[in-house]
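Take a walk through this structure, one part at a time. Keep the sequence and the 3D view side by side.

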Amino acid sequence: MKVGYYPGCSLHSTAADYGLSTEAVCRHMNIQLAEIPDWNCCGATPAHSTNEFLAKALPLRNLILAEESGLDLVVPCTGCYNVCRQTHGFISRGSAKSHSVNSEVASIVGKRYKGSLKIMHLLEFFSQDEVLAELKSRMVRTLNGLRVVPYYGCLMLRPAGDVAFDDPEQPQKLDRLLEVLGAQVKPWSYKMECCGGSFAIPKADIVTDLTGELVKQAKKAGAEAMVTACPLCQANIDTRQANSGMPVLYFTELIAAVLGLDGQDRWLGKHISDPRPLLKSHEII
Amino acid sequence: MESAVFTGNTVTQPSESLARVIEKESGQPVNRCYQCKKCSAGCPVGPVADLHTNEVIRLVQMGDTERLLNSNRLWLCLSCKTCQARCPNGIDTSAVIDVLKAMVFKQSRTPAERRIPEFYKSFLDTVNMTGRLYELGMIGLYKMRTKTYTEDIGLGIEMLKRGKLKFLPEKVKHLDQVKAIFRKGREKK
């Protein structure tokens, strides 16, 4: 199987653990990730907060480049995914404004965006029946009842019309995936709460408060670890609640564990709050 | 949750013009709001912002540009879109707030929060320079602009040790295209 792949800036830096585990898992499962050639930053929150044209044009260049390959596009970073899908929706609705942005970007990149891309979050990709079945057939161990809470964060499913691939208030896809891997998934009410997003540097106090509440509630739910599919969620909890004893894992790291992949220290060793003692105690690694 | 927006001495007339501009620019039907406050109940920055989410919409309807553009709420909005998800009238207040932030810049006003817009600027400056986010460069620019040199040094070192911050930036090959997008963005401001 071959899919287009937009890692985004984080997976090469602050979420290198997410990037490395994603690539290793896909390689093992014969899923070929064809990276968009010469992709640029999606602009993230700083673009839509300051300049509407940038917010649409930066992701649009990536969509144009991705569309050329004719492959479905898989995006692991929740921020990038949100921006790509919102831009796809904006162009597909065909307003006067969207025609004008598309033409202006075409005059720079040399091609228009036709709107034919299927854009999937990496979690959505792994939730497909055939991928789940393939994953099950390759599992060499299970998570042995590791108690986890699934943490979706705010950007994965909102605004629902453009981006949701699951219920935007009561999502289940990550829950189901973790159950397949053998985790004990704990119910909690904070699946979709915000971690403080892009304020990690300019407003660390807000991020510390919000992530503190998340960790408190995760513990109350009986979790030993939190599981996410978003670089910002992971980084904010891992750095601002470093002493809470609550590891925050990417779902791809847990897939790598049940597949029994070699070299898991390459990503697990990058966390501030080291998840390895917990995983070893459950004989998962 | 009652506040001065509803009780103060300020006399403002409901303004068709501001609401219309906002509706046109944001695509949000702000006049449908009937102040149920579900948006404010779910807002993660409600306790620290000077206006509640529902008050932003009310002030737009009232045409109180001054209070809106001088509010720290514009900058403290995390764009988590909880308000959007729960609004019974289909209003995305974070999209309204994006338009209001752009108005602050257009009118060359001083934003009511200093650090957040400096962070956005530093972030985008590195994207303009390399085509991708260069974290270390962004942190350097941000610290110079806000004079917060010593904050989070220990954390930065831990991230460098783990390879989660890179010393060198990644550069896009067709950087001219990214720069042309930024130039067009500046022209439109």
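**A walk through two chains**

Start in chain A, where helix α4 (residues 78-92) lies across strands β3 and β4 and runs at about 155 degrees to β4(A). Helices (H or I, at least four residues) and strands (E, at least two) are DSSP runs, numbered from the N terminus. Axes are lines fitted to C-alpha atoms, for helices over the stretch in contact, and angles run from 0 to 180 degrees between N-to-C directions. Contact means heavy atoms within 4.5 Å.

A word on the model itself. It is predicted: local features need pLDDT of at least 70, side-chain atom pairs count only at pLDDT 80 or more, and totals for chains, interfaces and linings use all residues. Residues are numbered from 1 along each chain as its sequence is written, chains are lettered from A and ligands numbered from 1 in the order in which they are written, and side-chain values use heavy atoms, with hydrogens and water left out.

In chain A, 4 strands form an open sheet in the order β2-β1-β3-β4, with parallel pairing. Two strands pair if DSSP finds at least two bridges between them. At the edges stand β2 (32-35) and β4 (119-121) of chain A, each with a single partner strand, so one side of each has no neighbour in the sheet. On average, neighbouring strands of this sheet are turned by 40 degrees against each other, direction ignored. Strand β1 (residues 2-5) of chain A is joined to β3 (residues 73-75) of chain A by 2 bridges, and the two run parallel. One pair to find is A:Tyr5 and its bridge partner in β3(A), A:Val74.

Move on to strand β5 (residues 147-151) of chain A. Of its 5 residues, 4 are buried, so β5(A) is largely enclosed by the rest of the structure. Buried means under 20% relative accessible area, exposed over 50%, and partly exposed in between (1.4 Å probe, protein chains only). Strand β5(A) has 2 bridges to β6 (residues 184-185) of chain A, running parallel. There, A:Arg147 has A:Gln184 as its bridge partner. A:Val148 stands opposite A:Ala225 in β7(A).

Next comes helix α7 (residues 129-138) of chain A, in which A:Val131, A:Leu132 and A:Leu135 are buried. Seen down the axis of α7(A), its buried residues fall within an arc of 100 degrees, so they line one face of the helix. The arc is that of the directions from the helix axis to the C-beta atoms. An α-helix has 3.6 residues a turn, so residues three or four places apart point the same way. The face turned away from the buried side of α7(A) carries the exposed A:Asp129, A:Lys136 and A:Ser137. Among the elements covering the buried residues are α6 (122-126), α9 (173-180) and α12 (251-258) of chain A.

Chain B has 12 helices and 0 strands. Buried residues make up 52% of its 189 residues. Its C-alpha trace spans about 55 × 35 × 30 Å along its principal axes. An automatic or database domain assignment gives domain 1 (4-106) and domain 2 (115-183) of chain B. Their C-alpha centres lie 31 Å apart.
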